[in-house]
Amino acid sequence: MLTDAVEVAERRQAALDLLVRYIRVVDDPRRVEEWPDLFTDEAEYLVVTRENHERGLPTAVIRDDSKDRIRDRVVIIKEFWGAGGRAEDRHYNEAWPRHIVGPVWAELQESGEALLGAHFMVWGSGHLDGSPRLLAVGEYRDVVAFPDGVARFQAKTVILDNVILQDVFVYPL
């Protein structure tokens, strides 16, 4: 049970800092190998449409239900989609994502975990015509744990307002 006001403030700030680090990592395809380190060992990364989320339907766009599957996504990105490899081997039109996030809120639970939320938009630049394009709009609803005193995502849920994604959907949102 959290009772110390300083500890509560430190955990809240650590959860907010984790989201900032997350955005910096996922906005740079060259840093994709850092992405799994933002999660606990028993983590889940879930991308679901708002309709399915609100109706309690189990169908997800992506369900990486373990840290091993989160690591597998990095392998797919690096080895199949070609991030960081030779441009001529890439299987997609390279797009650099740019997240616009806010407002952000964090609520500390008596268990010590933080519930973290934010609205987001993801734009892609670098397409063939050079124009930025809206890729996704939605909301993050996350659970942040503090194993060994370090903030990590226990569950990262991405709730999409758009039901059709506008581009290749392999990179983390």
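Biologist: How far apart are arginine 71 and aspartate 68 in helix α3?
Modeller: They are three residues apart, so about one helical turn separates them. Helices here are DSSP runs of H or I with at least four residues, strands are E runs of at least two, and both are numbered from the N terminus.

Biologist: What do their side chains do?
Modeller: Arginine 71 and aspartate 68 meet in a salt bridge, 3.0 Å from N to O. That term means a side-chain nitrogen of Lys or Arg within 4 Å of a carboxyl oxygen of Asp or Glu.

Biologist: Before I go on, what sort of model is this?
Modeller: It is predicted: local features need pLDDT of at least 70, side-chain atom pairs count only at pLDDT 80 or more, and totals for chains, interfaces and linings use all residues. Residues are numbered from 1 along each chain as its sequence is written, and side-chain values use heavy atoms, leaving out hydrogens and water.

Biologist: How many salt bridges turn up in the whole structure?
Modeller: The search finds 14. One of them joins lysine 67 to aspartate 41, at 3.8 Å from N to O. This pair links distant parts of the chain: lysine 67 is in helix α3 (residues 67-80), aspartate 41 is in strand β1, and they are 26 residues apart.

Biologist: Is lysine 67 buried or exposed?
Modeller: Buried, with a relative accessible area of 8%. Aspartate 41 counts as exposed, at 56%. The cut-offs are under 20% for buried, over 50% for exposed and partly exposed in between, with a 1.4 Å probe and protein chains only.

Biologist: New topic. What order do the six strands of the sheet take?
Modeller: The order is β2-β1-β6-β5-β4-β3, in an open sheet with mixed pairing. Strands pair if DSSP finds at least two bridges between them.

Biologist: Which strands stand at the edges?
Modeller: β2 (62-64) and β3 (96-108). Each has a single partner strand, so one side of each lacks a neighbour in the sheet.

Biologist: In what sense do β1 and β6 pair?
Modeller: Parallel, over seven bridges. Tyrosine 45 stands opposite lysine 156 in β6.

Biologist: And how do β3 and β4 run?
Modeller: Antiparallel, joined by 11 bridges. Arginine 98 stands opposite tryptophan 123 in β4. Their hairpin has five residues between the strands, and glycine 112 there takes a positive phi near 105 degrees.

Biologist: Which residue is the bridge partner of alanine 118 in β5?
Modeller: Tyrosine 140. β4 and β5 also run antiparallel, with 11 bridges.
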